[in-house]
Amino acid sequence: MTTETPDLPPSTETPPAPAPAPLPSPGSMIREARARARRSLEDMAAHTKLARGTLEALERDDYAALLEPVYVRGYYRKCAKVLEMDEERLISAYQARVSPRPPEAPSKLRLASGTELGSSSRLPVSMAISAAVVAVVVCAFIWFARNGIQTYPVTPPTIEVIEPAPSVPLEQVMTEPLSVPEVVDAAPVAAEAPLEPPPAAAAAATAAPVTLRLRFTQTSWIRVDDAGGRTLLNDIRRAGSEENLTGQPPLSVFLGFAPGVEVEFDGRRIDVQPYLRANNTARFSVPQP
């Protein structure tokens, strides 16, 4: 005898969707995109206006060597624009690794006395405070009952009577001769010697003027001051322009974008790399002391 199994209705449940694959690190994404585009770090630095050290820190996900997150997101946007990457995907990969988690509220709070708030085995806080107030009131009542209120005698203040000075008749005052103090000849005051200028300022005033030559391969802001306090240049220069500045040495130079400026002094080129900062600015003086 065979038994037939009843036909079951087809299941309507849908299988759970697979979890999304985690995004790769933003550094690996930039490194792979740069390899596909066949760009070197020097080429990326020239197009993004970022230092080579900053680009290396981005590719190895070294967030401790970078600035605040608001600046780092700007770095990623520059790299995404040059490498034609998905900017939002790159920022999301960065946010997934650096966004702090919100702190969890503790289930219980422990007071200095050892009492835990939120625990059912302890008295409520309001009852503990009420008991402390009642204890203070009882102690104060007992102290006043034992000691009483002490009274202190009040001594009246002593009033001193001051007699007026005897008056002098007006006729006597008018007839008495006035005494004129004797004037003693004062010693002549020596004339102050004129102040001499400091040796450094005198040397700067007598030093021969020097000439500084600047060639701009990229747009940069620049300021140059001489030792006499004159500002020789304080402006933005476009790529392809040149400047010859003459002033009293030493000259103080500040470059807004140092990689885009070639500096020559006394017929030789000055290497600005030792003065380069993380934001591509540089500050130095010529000639060197």
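Modeller: A salt bridge is a side-chain nitrogen of Lys or Arg within 4 Å of a carboxyl oxygen of Asp or Glu. By this rule, the count in this predicted model comes to 14 salt bridges.

Colleague: Which residue forms a salt bridge with Arg52, and where do both lie?

Modeller: The partner of Arg52 is Glu56, with 2.9 Å between the closest N and O atoms. Both belong to helix α3 (residues 52-59) and are four residues apart, about one turn of the helix. Arg52 has a relative accessible area of 38% and is partly exposed; Glu56, at 29%, also counts as partly exposed.

Colleague: What does the salt bridge between Arg213 and Glu242 link?

Modeller: The side chains of Arg213 and Glu242 meet at 3.4 Å, N to O. This pair links distant parts of the chain, 29 residues apart: Arg213 is in strand β3 (residues 210-216) and Glu242 in strand β6 (residues 242-247). Arg213 also meets Glu264 in a salt bridge, at 3.8 Å. Here strand β3 is linked with strand β8 (residues 261-265), the two residues being 51 apart.

Colleague: Is Thr48 buried or exposed?

Modeller: Buried means under 20% relative accessible area; Thr48 has 2% and therefore counts as buried. Thr48 lies in helix α2 (residues 41-48), and a polar atom of its side chain is 2.6 Å from the backbone oxygen of Met44. Beyond four places in sequence, Thr48 contacts Leu55, Lys78, Cys79 and Val82.

Colleague: What is the mean pLDDT of the protein chain?

Modeller: The mean is 76, and 62% of the residues reach 70 or more. Over residues 186-191, pLDDT stays under 50, and the model has zero contacts there beyond four places in sequence.

Note on methods. Residues are numbered from 1 along each chain as its sequence is written. This is a predicted model: local features need pLDDT of at least 70, side-chain atom pairs count only at pLDDT 80 or more; totals for chains, interfaces and linings use all residues. Side-chain values use heavy atoms; hydrogens and water are left out. pLDDT is the predictor's confidence in each residue, from 0 to 100. Contact means heavy atoms within 4.5 Å. Buried means under 20% relative accessible area, exposed over 50%, partly exposed in between (1.4 Å probe, protein chains only). A polar contact is a pair of N or O atoms within 3.5 Å; within protein, one must be able to donate a hydrogen and the other to accept it, and residues adjacent in sequence count only if both atoms are side-chain atoms.
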